[in-house]
Amino acid sequence: MMVRALIVDDEEPGRVNLRYALADHARWQVVGECPSAAAAQVCIAAQDIDVVFLDIQMPGDSGLVLARALAGLANPPLVIFVTAHNAFALEAFEVHALDYLLKPVHDARLAAALARAEAMLELRQRPAYGAALRAWADAGDEGPGTPERYWQQVSVRSVGRIECIRLGDVDWIETCGNYVSLHLSARKVMYRLPLSRLLAHLDPACFLRVHRGAVVRTCQAANLEVVGDGAWRLTLRSGVLVAVSERYVEALRAAMRER
């Protein structure tokens, strides 16, 4: 399978360097190079592109603007963002399971990004990728805590796949270091984001922290009982038992009364 790639960068040396780097990968074919987001949109409309290497900072419309436009397509190409610096954007890409390269692009990092893209294309993951890209686009630049911007889903990347998990299907969330474990009714999914950061994006009308390491969807809370000196336990509708810290008991009681 040949992978058809488009390079979008306003600086010619950046386009040339990436083209030469891709030449070392036999499965990759550069079918176009564009100096602007506007030119790239014309190119993408005219031919089938599998992967777009997209510079973020460009005159006129930025790469982020183009990416949001691509997110509206039913079957968008995979986007690998390329940037010299933009800490906020990098964090947003990681959260939504999107890929990026830092300039100057190192061979090992490029090879890893290409391998991930090839695996996703082979497994026909472009529709799932499109959902992740749209979730990123919908988040915009609003920052956490805006009510209409609370996350409705998260994008979880594994080998060659992106899975969109609806937060409405999550019963409770458990911290696991730099990951969280999303507990669904029949399985759990590991998601690479610390619990403290995820909390900022969860709707407090639906989710409540009950322990340093646990958050529950309040509609799943069934029974709260004391089990020791300052120790409490919550039984979920599924029968799962979750430890509750005394500091969160009153808030949990209030949430259970308001249901």
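Start by selecting R15, which sits in helix α1 (residues 12-22); helices here are DSSP runs of H or I with at least four residues, strands are runs of E with at least two, and both are numbered from the N terminus. R15 is buried, at 13% relative accessible area, where buried means under 20%, exposed over 50% and partly exposed in between, using a 1.4 Å probe and protein chains only. Now show what R15 touches: I7, D9, D10, E33, C34 and P35, leaving aside neighbours within four places in sequence. A contact means heavy atoms within 4.5 Å.

A word on what you have open: this is a predicted model, in which local features need pLDDT of at least 70 and side-chain atom pairs count only at pLDDT 80 or more, while totals for chains, interfaces and linings use all residues. Residues are numbered from 1 along each chain as its sequence is written, and side-chain values use heavy atoms, with hydrogens and water left out.

Next, colour the rest of α1. V16, L18, A21 and L22 are buried in this helix along with R15. The buried residues of α1 pack against β1 (3-8), β2 (28-34), β3 and α5.

Follow that to β3 and select D55, which lies in this strand (residues 51-55). What does UniProt place at D55? The unreviewed entry gives "modified residue: 4-aspartylphosphate" there; UniProt positions follow the numbering used here, feature names are shortened, and annotations may be inferred rather than shown by experiment. D55 is buried, with a relative accessible area of 4%. Around D55 you will find V8, D9, D10, G63, V82, T83 and K103 in contact, not counting residues up to four places away in sequence.

Now for the nonpolar side chains. A nonpolar core is a set of buried Ala, Val, Leu, Ile, Met, Phe, Trp, Tyr and Cys residues joined through side-chain atoms within 4.5 Å. Which residues touch the most other members of the largest core? They are F53, F81 and W136, in a core of 50 residues. Helix α5 (residues 107-122) gives the most to this core, with six residues. Apart from it lies another core of 18 residues, including V156, V180, Y191 and L202. Zoom in on F81: leaving out residues up to four places away in sequence, its contacts include L54, I56, F93, Y100 and W136.

Then pick out helices α2 (residues 37-46) and α3, whose axes come within 9 Å and cross at roughly 25°. Axes are lines fitted to C-alpha atoms, for helices over the stretch in contact, and angles run from 0 to 180 degrees between N-to-C directions. That makes α2 roughly parallel to α3, a label for angles under 35 degrees. At this meeting place, A37, A40, Q41 and I44 of α2 touch L66, A69 and L70 of α3.

Move on to N75, in the loop between α3 (63-71) and β4 (78-83). Is N75 buried or partly exposed? At 41% relative accessibility, N75 counts as partly exposed. Its contacts, leaving aside neighbours within four places in sequence, are R126 and P127. Draw a distance from N75 to R187, 112 residues apart along the chain, and their C-alpha atoms are separated by 29 Å.

Finally, zoom out. The protein has eight helices and 15 strands, and its C-alpha atoms fill a box of roughly 65 × 35 × 30 Å along the principal axes. Of its 259 residues, 47% count as buried.

Definitions and conventions: Angles under 35 degrees count as roughly parallel, over 145 as roughly antiparallel, 65 to 115 as roughly perpendicular and the rest as oblique.
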